Amino acid sequence: MTLTTLFTRTAVALCTGAVLSLSFASGHVRAAESSQSTTQGGPAMPSRGDAGPAVVRLQQALAARGIAVAGGVTGVFGESTSDAVASLQRQSGLRASGKVDARTAKLLGLAPTVTVTTSNLPAFGSTGDVVWLLQAALQEQGVAGAGEPDGQFGVGTRAAVTAFQSRRGLRASGRVDEATAVALGLIPAPQKAKVVTAAAAPAKPAGGSFPAYGERSSAVTTLQQQLISAGFTIEGGATGFFGPRTKGAIEALQARHGLAVTGVVDAATASRLGAAPAPTPAPAPAPVAAPAPAAIPSLAAFPMQGKCWFGDTWHDPRSGGRKHEGTDLIGAKGLAIYAVANGTITRTYEGLALGGKSLRLTAPDGTYYFYAHLDSFAPGIGAGVAVRAGQVIGYNGATGNAHEPHLHFEIHPGGGAAVNPFPYLKAIDGCKNTALLPQ
Ligand SMILES: [Zn+2]
């Protein structure tokens, strides 16, 4: 695989999310997207004359490659889309047919992609996309000698696997066993049997009322968090006050699900948000008993100086079978990047293949926050340095395979798997704060 091809694959991976965030932050478009077929065989590629979410995704992918579709992202595959596809093909040395064939789809990160599972772990001597994923993960981990991914599991890859295993205290076999694959983030950690506690059990209806317009309560906060998690924007975040913005989000939810658009939380509306109880005859006013997402700390500070934009691109497909594990905050190069919590900078990376200049901030409870694509670290920032929430730790940039300046931000509660940062960012959205936080 050439460097150019690699760049293309990874750049599309990061930038699709960015552009999506910029232009398609509304729940409406995301709803359309999520309805798109993503079956194992992959969605059929759109062709001239088609309209719909697959075309939206194609146009976004083109935009992410810096190829303008005249008229913008319309969801309609007309002449301008065909022209844009042809330009991409010309740029990439493919035949400029304007049709989304298999190679073009792959180039755009739209082709069906493989996922690593316990049954297809890459092995020495094998080739293909799972090997490419392994190599990309090794490179992303900064393993010395990982080299550029080429999809071929040779001696170099085996040496890199061994080096990674030694570093992580795993058996240094050079073989990608399950533990190694988990450590590399290629497969999820096996689920431990869940201890069913009262808190983890499905919420039982504790009372009859749903939050109403004008109310200020923890039940409203819960409702707002659910709306935000479901992708609806509530400007100002989960404030606990049921005002016009919350009503607007409820209306959007109702419209999306074909319910009567009243802005009032009734049983049907609540059930669409999950976990909300049906009303019971008992009149006792009690909060909607849906637990707030457990063990995820709220952020003490927003990670980026405004003006910025972000959308919910959690688990959006990325090339190479990866899923987006964070939120991309898009803003001008040089904007301040802030610590979101009191903690310690536990790791800095000068140049990850994907993440570029990156760092890890770890809070006392073990939760860590991963920041990528920084232009530079703030003076004095390095591994072992204690920081406080709101402190400038770096500056926004486009290092690594970022097509435009943005911060890729991840949350790993307790040091474990990443969770969707979007609702936590949305709850304290600081994108309009252009003034530097007091330092
Ligand atoms: Zn990202």
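1. Let's begin with Thr-434, which counts as exposed because 12 other C-beta atoms lie within 10 Å of its own, and the cut-off for exposed is 12 or fewer. Please keep in mind that this is a predicted model.

2. Where does Thr-434 sit in the chain? Thr-434 belongs to the segment after α12 (422-427). Setting aside neighbours within four places in sequence, its contacts are Gln-305, Gly-306 and Lys-307. Cys-308 is 126 residues away from Thr-434 in sequence, yet the C-alpha to C-alpha distance is 8.8 Å.

3. Now to the strands, starting with β4. Strand β4 (residues 343-352) pairs with strand β5 (residues 356-362) in the antiparallel sense, over six bridges. Within this pair, Arg-347 is placed opposite Arg-360 of β5. The link from β4 to β5 is a hairpin of three residues.

4. β4 also has a partner in strand β8 (residues 386-387): the two run antiparallel and are joined by two bridges.

5. Next comes an open sheet of three strands, in the order β3-β9-β7, with antiparallel pairing. β3 (336-338) and β7 (376-377) are the edge strands; each has a single partner strand, so one side of each has no neighbour in the sheet.

6. For a closer look at one of these pairings, β7 and strand β9 (residues 392-395) run antiparallel and are joined by two bridges. Phe-377 has Gly-394 as its bridge partner in β9.

Conventions: Residues numbered from 1 in each chain as written. Predicted model: local features only at pLDDT ≥ 70, side-chain atom pairs only at ≥ 80, totals over all residues. Helix = DSSP H or I, 4+ residues; strand = E, 2+ residues; numbered from the N terminus. Buried ≥ 20, exposed ≤ 12 C-beta atoms within 10 Å, placed from the backbone. Contact = placed C-beta atoms within 7 Å. Pairing = 2+ DSSP bridges.
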